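Work through these exercises with the model open beside you. Try each task before you read its solution.

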Amino acid sequence: MVDERPVVVDLKNVKKKYVIKHNIKKPETFSGKLKLVGKRILHPSQRVEKEDFWALNGITFQVRQGEKVGIIGKNGAGKSTLLKVLSRITEPTDGRIEILGKVSAMLEVGTGFNDELTGRENIYLNGAILGMTRAEIDAKFDDIVAFSEVGKFIDTPVKRYSSGMFVRLAFAVASNLDPDILIVDEVLAVGDTKFQRKCITRMMNIAESGKTILYVSHQMHTIRQLCDRVIVLKAGQVIFDGDVEKGIEIYSESADVNVNTVMNFENHKPRGTQSVVVQTAELVDKDKFSWFYNENLKFKVKVKVNSDCLNPFFKLLVKDLSHRVLGSAESDFLGELKCGEEKEYTFTFHNADRLAPGKYVLGIEIWRKNDGLVTIDDIVSEFFTFEILDGDSEQNGVPELAWSEQRDGYMMMPNLDLEESAVAE
């Protein structure tokens with residue numbers, strides 16, 4: 001069946017090039033130094049080497065009116081650059097773009113906002129940029145403020161807003177100013193889960209009214225929930241355009257994933273005092289890196305003690321895929337550790353109603369607190385990547401009241417359960 005809806009976004013062989021500069025490495029040999037001197041005599045202004053980087057390298061696709069298109073790909077695939085080109089924030093190096101209708105975009109936090117202006121002033125500024133009259137903005141103003149939930153701060157300069165407040169107001173403005181095409185980047189991950197669900201509902205309502213949505217996310221459950229089509233990017237090119245589930249499968253295969261349930265850190269460079277360092281980590285009773293939303297995470301960590309120390313403890317950091325910390329959990333004190341010892345501990349991280357469905361990065365650190373001073377013994381910033389599934393073990397959906405303990409911008413997490421286990425010889 002032929003789709004007769006009009007094409008509102010049309011890209012043909014779109015490219016975007018950036019020039020990356022590298023400092024020229026000084027040669028160590030005498031002949032190499034002579035060559036460098038000769039090069040500088042011939043080209044005195046060239047102190048750095050330049051490299052062309054194609055963030056977009058021949059992007060071609062069409063979007064029809066009313067489509068909800070997810071754009072996915074691992075970090076560096078070109079997603080954000082594509083949205084900036086579509087939003088006219090940056091110009092393409094080559095190719096042609098045709099857009100029919102009014103575009104409203106929500107990209108990085110703060111894009112289109114003036115930090116020195118108040119929330120109220122920024123609403124009117126963004127409306128004017130979109131070509132709306134003051135009367136049209138007046139008619140939408142109360143709805144924008146109500147949706148953003150920043151009412152009592154609306155006359156405060158936005159530079160004093162928290163990241164969560166900023167995101168709420170930015171999305172409220174972008175989605176309420178009557179766009180024909182709404183473009184939303186991964187920035188929604190900054191807000192709390194309740195607000196994310198609210199935003200998804202708003203975008204679905206916009207799409208049902210016949211408007212078009214382009215949505216970038218690393219959270220596959222929201223892609224499934226919102227989108228009727230997926231475009232997968234890799235190295236600035238489209239490698240798939242079509243069915244949502246097939247696109248997610250291709251993305252998962254092309255993205256970096258964990259391949260071993262035992263992670264060896266013996267050769268990692270410790271960051272800290274190195275009194276206690278992480279050696280290995282292993283999932284317990286698990287052969288894949290995915291859990292249901294109300295299922296606890298369990299794993300073992302082996303450490304080596306390099307000097308006597310008292311009462312270190314573990315700190316677990318949960319991050320999004322851009323490595324922004326979303327929350328943390330701490331263990332009990334480990335007691336007195338002696339130089340030369342190797343210890344193995346089993347953790348249980350209680351996830352019930354804590355982490356929304358999606359992908360996360362886990363980091364682990366070893367801390368000590370003595371006489372009010374904090375010492376960090378070791379940091380493993382990327383422990384492993386894992387996914388929380390959109391349902392429970394019986395394949396029921398996530399209940400409406402899940403994540404009631406989560407606060408805006410930072411999750412409140414219970415302490416880790418910790419057991420010492422015997423180290424295998």
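The exercises below concern a predicted model.

**Exercise 1. Overall make-up**

Task: State how many helices and strands the protein has, and what share of its residues is buried.

Solution: 
- Start with the elements. The protein has eight helices and 22 strands.
- Turn to burial. Of the 425 residues, 48% are buried.
- Now take the contacts between residues at least 6 apart in sequence. Among these, 73% join residues at least 24 apart.

**Exercise 2. Cysteines**

Task: Find how many disulfides the structure holds, and examine cysteine 309.

Solution: 
- Recall the bond. A disulfide links the sulfur atoms of two cysteines covalently.
- Set the cut-off. The two sulfur atoms must lie within 2.5 Å.
- Look at cysteine 309. The closest cysteine sulfur to its own belongs to cysteine 339, at 9.4 Å. That is too far for a bond.
- The structure holds zero disulfides.
- Check burial, which requires a relative accessible area under 20%. Cysteine 309 has 6%, so it is buried. Cysteine 227 has 8%, so it is buried too.

**Exercise 3. Helix 2**

Solution: 
- Step just past the end of helix 2. There, arginine 88 takes a positive phi of about 65 degrees.

**Exercise 4. A helix pair**

Task: Describe how helix 3 and helix 4 pack.

Solution: 
- Find the pair. Helix 3 spans residues 119-129, and helix 4 spans residues 134-148.
- Read the geometry. The angle is about 130 degrees, and the axes are 10 Å apart.
- Classify the angle. Helix 3 is therefore oblique to helix 4.
- The crossing of helix 3 and helix 4 is right-handed.
- Name the contact residues. Helix 3 supplies Arg120, Ile123, Tyr124, Gly127 and Ala128. Helix 4 supplies Arg134, Ile137, Asp138, Phe141, Ile144 and Val145.
- Sort them by class. The contact has seven nonpolar, one polar and three charged residues.

**Exercise 5. Threonine 346**

Task: Is threonine 346 buried or exposed?

Solution: 
- Threonine 346 is in strand 18, residues 342-349.
- Apply the cut-off for burial, under 20%. Threonine 346 has 11% relative accessibility, so it counts as buried.
- Look at its surroundings. Beyond neighbours within four places in sequence, the contacts of threonine 346 include Val284, Phe299, Asp417 and Leu418.

Conventions: Residues numbered from 1 in each chain as written. Predicted model: local features only at pLDDT ≥ 70, side-chain atom pairs only at ≥ 80, totals over all residues. Heavy atoms only, no water. Buried < 20%, exposed > 50% of the residue type's maximum accessible area, 1.4 Å probe, protein only. Helix = DSSP H or I, 4+ residues; strand = E, 2+ residues; numbered from the N terminus. Axes fitted to C-alpha atoms, helices over the stretch in contact; angles between N-to-C directions. Parallel < 35°, antiparallel > 145°, perpendicular 65-115°, else oblique. Left-handed = near helix turned anticlockwise from the far one by under 90°. Contact = heavy atoms within 4.5 Å. Nonpolar A, V, L, I, M, F, W, Y, C, P; charged D, E, K, R; others polar.
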